[in-house]
Amino acid sequence: MKEVEEYLRQNVAQEKTRRIYLRDLEQVREFLEKDFLEVEEADLQKYFDFCQQSLKESSLRRKQSVLRKFYQYLLTERKIQKNPFPVISTTYKKEEKQAKERLSQEEYELLLEELPEEMKVLTKMLWETEAKILDLFDV
């Protein structure tokens, strides 16, 4: 773990980010039960295959980025002869996005008829800009 601490100290400025990266790297080491200097491409592929089953795409990409940079550092510092990372391929599971529901024009007009005048202005603004109600909280 000396290499990990040295890498993080030299390359990651934010303490919070350093802790997250350290956790990511510790998880890899625990999963593989190997020293980072002994890891091979097949080991990393096995780890990422495992991660794909339970992680969001963004978390998986972060872990890959951390490892890619870490192994590039080890290569640059001549602590390893070959980078096991570059050939790693993953197929991301696409996160399905829910279809956005929208009122029909008729439903919208019926709604306007029922609203008090001050609410009509706000509702028309939302309708015309296709804004979401949550967008209002950012204003």
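This report covers the fold, the salt bridges and a charged surface patch of a predicted model.

## Basis

Residues are numbered from 1 along each chain as its sequence is written. In this predicted model, local features need pLDDT of at least 70 and side-chain atom pairs pLDDT 80 or more, while totals for chains, interfaces and linings use all residues; side-chain values use heavy atoms, without hydrogens and water.

## Fold

The chain has 7 helices and 0 strands. Helices are DSSP runs of H or I, at least four residues, and strands are runs of E, at least two, numbered from the N terminus. Of the 139 residues, 31% count as buried. Buried means under 20% relative accessible area, exposed over 50%, and partly exposed in between (1.4 Å probe, protein chains only).

## Salt bridges

The whole structure holds 8 salt bridges. Each is a side-chain nitrogen of Lys or Arg within 4 Å of a carboxyl oxygen of Asp or Glu.

Lysine 63 and aspartate 24 pair at 3.0 Å, N to O. Lysine 63 lies in helix α4 (residues 57-76) and aspartate 24 in helix α2 (residues 15-32), so the pair ties together parts 39 residues apart in sequence. Both residues are buried.

Aspartate 43 bridges to lysine 34, with the closest N and O atoms 2.7 Å apart. Aspartate 43 is buried, at 12% relative accessible area. Lysine 34 is partly exposed, at 28%.

## Negative patch

Glu106, Glu107, Glu109, Glu113 and Glu114 gather in a surface patch of negative charge. Patch residues have over 30% relative accessible area and no salt bridge, and like charges are joined within 9 Å. Glutamate 107 sits in helix α5 (residues 105-114). Glutamate 107 is partly exposed, with a relative accessible area of 42%.

Conventions
Patches are made of residues with over 30% relative accessible area and no salt bridge: like charges are joined within 9 Å, nonpolar side chains (Val, Leu, Ile, Met, Phe, Trp, Tyr) within 5 Å. Accessible areas come from the Shrake-Rupley method with a 1.4 Å probe; for residues, only the protein chains shown count as cover. Lys and Arg count as positive and Asp and Glu as negative; His and the chain ends are not counted. The place of a charge is taken as NZ of Lys, CZ of Arg, CG of Asp or CD of Glu.
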